[in-house]
Amino acid sequence: MQALLGVLFHSIGGFASGSFYMPFNKVRQWSWETYWLVGGLFSWLIVPPLAAWLTIPNFMDIIAAASSEIFWVVYMLGVLWGIGGLTYGLGVRYLGMSLGNSVILGTTAAFGAMVPPIFYDIMNVVGKETFTDMINSTGGLVVLLGVVVCLVGIALTGRAGILKEKELSAEQKSASVKEFAMGKGLVVAIISGVLSAFFNYGLEAGKSLAAEAAKVPDQLFEGSSHLFANNVTFVVILWGGLTTNLIWCLILSFRNKSYGEYVDKKTPLMRNYLFAALAGTTWFLQFFFFGMGESKIGNGASSWILHMSTIILTANMWGIYNKEWKGTSKKTIMTISAGIAVIFLSVLLVGLGNSL
């Protein structure tokens, strides 16, 4: 039952993450750096502490009591993850919801799921699920199979993107993805995929924060504080992400002279702020539910691959809704459909492996 709840929570979080960019498409007459920063302030600064306060009222006391070493390690991992988050926005901007998410999150899934268990093996960390543990248990082998199947699905979706690049004219590609740029987009997406995995490492580094939070009686659901324990760690990681994105967006704002857009009455200000805030809030919900799922499954390959896979599935569905594959051949459509189906199979395998 716990594993099923974990899969459910991860699926909700994945849906939120795969959907968060959609409200940005409703923003009008704002530069990318303008709406990205407004949304980001909700993602990294406003909503996370609110969620922590609602579930762990003394979360700031826990952070203040943490050792400086733990705080700065978690924060710096958040800074590195923030670069991944920043380039994520650019990757989706250049490749679209479907292809961009598949490349970025596929890379993140592999790095985020497999590096920690291998690291625990190398460093002989006690009490953590190592790669050796995984290959010596039936459940672990099924989880590893799910990771491999996920990578196959990602390769298929990537192949579909290459076919799309060859088949459509520049006009057709820009009709669904306004700034489509395959080469630049792939470079940015791969960088994003590698660095985005640092969020998972930040969670591991901040386990002592979550452990303290788990001791606090929860304010929403009696006796379930552990369900929301990661909310404290999220605050510190996201402060790091805020730092990276704030600096870069301000640089772009001054370079492009777009800083006036925040108060430009010639633009639909209320609408833009509303949709940017909605995007940012939806984006944070992925981690809110990821933390709940992790509390049921554990922060190993299972949690990370489930989270990434459901995001990829959701993003591809939105890509179809946005008609990003309109005008492509039957072969390309079949390839992207097969990729989505294989990724869905990987989710089932990971869930099954975790329950064994």
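**Close-up views of an all-in-one-chain predicted model**

**View 1. The whole chain.** Residues 24 or more positions apart account for 82% of the chain's contacts (heavy atoms within 4.5 Å) that have a separation of 6 or more. The model is predicted, so local features need pLDDT of at least 70 and side-chain atom pairs count only at pLDDT 80 or more, while totals for chains, interfaces and linings use all residues. Residues are numbered from 1 along each chain as its sequence is written, and side-chain values use heavy atoms, with hydrogens and water left out. Of the 356 residues, 56% are buried (under 20% relative accessible area, with exposed over 50% and partly exposed in between; 1.4 Å probe, protein chains only).

**View 2. The largest nonpolar core.** This set of buried Ala, Val, Leu, Ile, Met, Phe, Trp, Tyr and Cys residues, joined through side-chain atoms within 4.5 Å, has 80 members, and Phe24, Trp36 and Trp81 touch the most others. Helix α4 (residues 68-95) gives the most, with twelve residues; helices here are DSSP runs of H or I, at least four residues, numbered from the N terminus. Beyond its neighbours within four places in sequence, Trp36 contacts residues including Phe20, Trp44, Tyr88 and Cys249.

**View 3. Helix α4 and its end.** Its 28 residues reach 40 Å from first C-alpha to last, close to the 40 Å expected at 1.5 Å a residue (1.5 Å times one less than the number of residues). Just after α4, Gly96 takes a positive phi of about 95°.

**View 4. Around Met60.** Met60 sits in helix α3 (residues 59-65) and is partly exposed, at 41% relative accessible area. Pro49 is eleven residues from Met60 in sequence and 8.8 Å away in space, C-alpha to C-alpha.

How values were computed:
Helix = DSSP H or I, 4+ residues; strand = E, 2+ residues; numbered from the N terminus.
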